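This briefing covers side-chain contacts in one structure. It is written for a reader who has not seen the structure before.

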Amino acid sequence: MSGPNPEHRSLISACLLGITRCALQFPVMTLLACFALAGTSIWYSYNNLTFKTNRADLIDPGTDYHRRWTTFTEAFGETPDMVVSVEAESPEKIKLLLDELGPQVEKETQLFENVFYKIDPGSLRSKGLQYLSPEQLRAILNNLEDLGPILRGEWNLLTLRRVIEDMRLKLEQVRLAGPIGEKMAEPLLQQTTLLTDSLAKFAADPESDYQSPFEGLVPLSREQLEESNQIRYLLNEKGTMGFLQARPVVAKNDFAGASVAITRMREMLHAMERRYPASKFGLTGIPVLENDEMRDSQVSMQHASILSFVGVAVLMLIGFRGFRHPFIGQVMLAVGMCWAFGFTTGSIGHLNILSVSFATMLIGLGIDYAIVYLSRYLELRHEGYPLQAAVLEAVQSIGPGILTSSFTTAVGFFTALLTDFRGIAELGVISGGGILLCILATFIMIPALLAIVDRRAQVTSLPKPIEGRTLKILIARHPIALATLAAALIGCVAVHGFNVKYDYNLLHLQAEGLDSVEVQNRIFEKSEGSLLFAVSMANSPQEALDLKRRLEKLGTVQRVQEFASMLPAHSAAETQLPVQAIAAHLASLPERLPNGPDVNPASVGKQLEELDQALSQMSVPAAGQARAAIDGLLTQLEKLPFEGQIRTLSEFQGRLRYDLHARLQGLALAADINPVGPADFPKSVAARYVSPQGKWLLQVFPKSQIWDMQPLEQFITEVRTVDPDATGTPLQTYEATKAIFNGYLTAGAYAAIATIIFLLLDFRSLTFSAFAISPLVLGVGLMLGIMSLLHLPLNPANLIVLPLIAGIGVDGGVHVVHDYLSRPGPYRMSPGLFNALVLNSTTTMVGFGSMMIAAHRGLFSVGLVLTIGTTTCLFITLVMLPALLTAVAPAHAGQHEMPQEQRLLTMQPLEAIHGVDESYDAYVVDQLPIVEPHHIRSVMDQHRRAA
């Protein structure tokens with residue numbers, strides 16, 4: 001086991017001492033320059049730093065799945081719908097509520113777009129015939145040709161007697177055609193039965209329902225056509241829940257995102273609830289879920305920040321037992337943060353929803369280096385060092401360790417560049433650069449601040465570090481036993497770390513009882529619909545319908561919603577000519593029906609008897625049913641007096657004439673020959689499914705809730721067997737979540753390699769490097785074991801803890817090993833280092849642990865995991881690592897001291913010195929001393945005796 005290279009250490013110390021000497025000589029100018037650069041950085045960031053709030057901004061645009069998403073969003077927009085749910089006692093009530101709420105939302109165009117709660121057919125009413133098949137249209141055309149005289153104006157020919165006579169003549173024609181004709185007579189027989197049954201019921205009860213005999217003649221009445229073109233509302237299958245969908249208008253580079261629109265929507269819903277307390281209104285959707293998460297996180301972070309600030313301040317006041325030195329650390333950190341913002345603006349130019357957290361990381365990590373620096377400085381002052389000598393000796397003794405730990409942490413962050421997840425890569429660059437800038441601020445500003453703040457401070461007024469004497473004594477007396485006991489404890493707990501699960505479900509990050517989550521669950525239960533759906537795009541309506549048929553065959557697919565099926569099934573080329581011919585036949589149809597001729601009961605009765613005779617000659621079963629209906633009708637008419645027969649038959653004839661006229665009017669109103677297209681539908685409908693570029697969208701809804709990974713993965717796998725280019729929110733979530741997980745693992749692996757390389761460069765020893773990294777390795781293992789025992793999973797939120805824990809674990813190990821190498825004889829940790837490590841860890845635990853007050857479960861898990869990890873790393877750093885070093889220290893005592901010639905000071909003649917302490921401070925600022933702490937005092941004692 002060899003120690004660090006002296007020349008290597010001397011070069012680093014020389015550089016750090018040069019910077020420190022300059023800051024001590026010109027403290028005011030140094031601070032002014034630092035503050036000026038900080039102000040410039042803030043001004044530059046204020047004017048140039050932008051914000052990217054979309055989750056898609058976290059993803060590498062070069063990945064295949066993101067290119068597919070980009071293609072989709074360019075065609076249909078990025079923002080998904082908010083979903084309003086309305087529940088009331090009846091479907092009619094729900095429709096009334098939607099009709100009241102919908103126009104209110106539509107008016108606020110600055111907040112909402114594509115408001116969709118009902119389908120108003122609009123111009124489709126005039127194109128209804130295009131939805132019939134060519135065969136149906138030709139049948140209608142043939143029937144209209146039979147009505148030629150009537151359509152040409154001879155409406156007096158439309159009588160009850162004439163209708164019955166036409167039925168008889170047609171039946172005789174098909175009967176003469178033989179067995180084949182009898183089979184063709186079935187529609188005529190049904191028409192006959194309908195007519196006679198309807199007339200019999202009417203004779204018995206004039207208020208009975210009328211049954212039209214013209215259904216075969218003209219398949220759609222005006223009422224039926226209007227029924228098919230009625231306004232349709234978005235209701236679930238049972239009619240117990242209605243929906244309104246709207247896209248929030250989101251300003252770019254605004255962290256508020258959809259907040260304004262969502263807040264306004266909730267205000268309108270609360271107003272509706274006050275007016276209709278018996279009804280229930282809810283709001284959910286992907287923008288709402290994300291916004292609720294953001295808002296909850298912001299509120300939680302505000303409360304946590306206050307608690308963190310107060311807690312850290314109290315700990316620093318306790319640790320440094322005063323205000324002065326915590327103030328120095330905070331000033332240094334504030335300047336370093338300002339520089340970091342300038343670096344962020346110049347290097348990246350924007351913040352995203354991940355990298356915005358870099359400030360919190362720097363607060364937790366950047367202050368640590370100042371604590372180590374100040375703790376060592378105060379320790380040296382209490383050992384008798386003057387101010388400037390203490391500053392220089394602190395830099396020389398702990399400076400290389402701070403550099404190693406900071407570079408290791410920074411490089412760990414920079415390795416995120418090697419991942420293919422943009423959000424992590426940008427966070428790594430910003431955080432790594434910020435760490436280096438905080439280190440630079442530490443070595444430049446703290447000497448200058450100490451030169452000003454502590455220039456008249458007496459040693460007795462300076463705080464003494466917490467030494468941890470009881471723990472040191474225990475370690476010194478029983479190092480092997482303590483190390484063995486700690487190793488056994490770590491092994492028993494860490495072995496459970498292999499059972500830690502990774503929870504992909506983003507809903508599990510939300511606060512429990514969140515209204516938007518409960519609403520989306522209720523929608524899924526009551527409407528069998530999910531807020532998450534895959535999307536597929538086709539180039540034509542035919543391609544969209546083919547995709548739909550194939551997708552609906554998949555076991556994981558509940559339904560496919562698209563626009564092509566709203567269009568006629570047959571092309572305009574197939575239907576245009578027959579529709580045009582129908583329109584020509586109906587061109588002279590009168591607006592009002594002229595009065596019909598009087599009815600002669602005897603004439604009607606005669607036609608019925610002849611019809612019955614014609615039916616008797618047919619052998620099909622339907623003929624017997626028609627004869628039974630005629631017999632019942634004649635029996636019913638015989639019960640009425642002659643005047644009653646005239647009145648009944650006249651009123652029924654009036655209904656018959658109105659029925660045919662209404663059906664013909666319905667055909668005329670639906671005979672527009674212009675092809676049906678997206679422009680005939682409301683914009684809120686068409687724009688959702690047909691892009692300006694001509695892409696046709698299909699929304700593929702899953703059968704199961706796909707927030708969990710297993711059903712999500714199965715759903716995506718099946719959908720991609722039909723359409724490999726499918727995309728959508730669940731696919732983006734799936735790929736991004738995997739990318740986050742893999743990105744952190746990749747960055748962690750690269751960071752581990754970089755950490756080992758830096759430790760080897762610093763210590764030039766495998767053994768010392770292993771000692772230095774042991775708090776990180778063992779601490780993370782212990783942390784994972786505790787997480788498993790607490791049933792606490794890893795998730796997309798708390799994965800960010802891993803690089804933070806890496807920095808904390810390495811820092812402690814590096815400082816302890818450097819302290820060990822600088823102290824000859826049996827190892828006992830220096831008081832300043834013990835104080836610094838305890839203060840660093842406790843401030844980190846309080847700072848990040850304050851997030852455990854958050855209702856947001858993602859933030860809570862971040863705070864809890866980081867607190868556990870910091871505690872485990874601190875345990876290894878303060879207990880197991882010193883015990884191991886103490887156990888091996890006697891065999892290496894004195895081997896790590898620097899050569900004697902590097903520790904001797906060449907002092908100026910005493911005649912040029914005015915006062916020992918002052919002359920020493922003046923001297924060490926001008927020289928570049930590289931000395932051991934215990935040797936400086938002997939040199940100073942020699943000068944005092946000489947004086």
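**Side-chain contacts**

Glu 267 and Arg 264 both belong to helix α11 (residues 259–275), where they sit three residues apart, about one turn of the helix. The two side chains form a salt bridge, with 3.2 Å between the closest N and O atoms. The model is a predicted one. Across the whole structure, a search finds 23 salt bridges, and the count of aromatic pairs comes to twelve.

- Glu 267 has a relative accessibility of 42%, so Glu 267 counts as partly exposed.

- Asp 292 and Arg 266 meet through their side chains in a salt bridge of 2.9 Å, N to O.
- Asp 292 is in helix α12 (residues 286–320) and Arg 266 is in helix α11, so this pair ties together parts that are 26 residues apart in sequence.
- Asp 292 counts as buried because its relative accessibility is 7%.
- Arg 266 has a relative accessible area of 18% and is buried; the cut-off for buried is under 20%.

**Salt bridge between Asp 81 and Arg 688**

- A salt bridge joins the side chains of Asp 81 and Arg 688, at 2.4 Å from N to O.
- Asp 81 lies in the loop between α3 (64–76) and β2 (82–87), while Arg 688 lies in helix α25 (residues 683–689), so the bridge ties together parts that are 607 residues apart in sequence.
- Asp 81 and Arg 688 are both buried.

**Aromatic rings**

- The count of aromatic pairs is twelve.
- One of these is the tilted pair of Phe 202 and Phe 652, with 5.8 Å from centre to centre and 55° between the planes.
- This pair links distant parts of the chain, with Phe 202 in helix α9 (residues 186–204) and Phe 652 in helix α24 (residues 642–669), 450 residues apart.
- Phe 202 counts as buried because its relative accessibility is 4%.
- Phe 652 is buried too, with a relative accessible area of 0%.
- Trp 69, Phe 72 and Phe 76 are linked into a cluster by ring pairs.

**Charge over a ring**

- Arg 559 lies over the face of Phe 701, 4.0 Å from the ring centre.

Methods:
Residues numbered from 1 in each chain as written. Predicted model: local features only at pLDDT ≥ 70, side-chain atom pairs only at ≥ 80, totals over all residues. Heavy atoms only, no water. Salt bridge = Lys/Arg side-chain N within 4 Å of Asp/Glu carboxyl O. Helix = DSSP H or I, 4+ residues; strand = E, 2+ residues; numbered from the N terminus. Buried < 20%, exposed > 50% of the residue type's maximum accessible area, 1.4 Å probe, protein only. Phe/Tyr/Trp six-rings, centres within 6.5 Å; stacked < 30°, edge-to-face > 60°. Lys NZ or Arg CZ within 6 Å of the ring centre and 35° of its normal.
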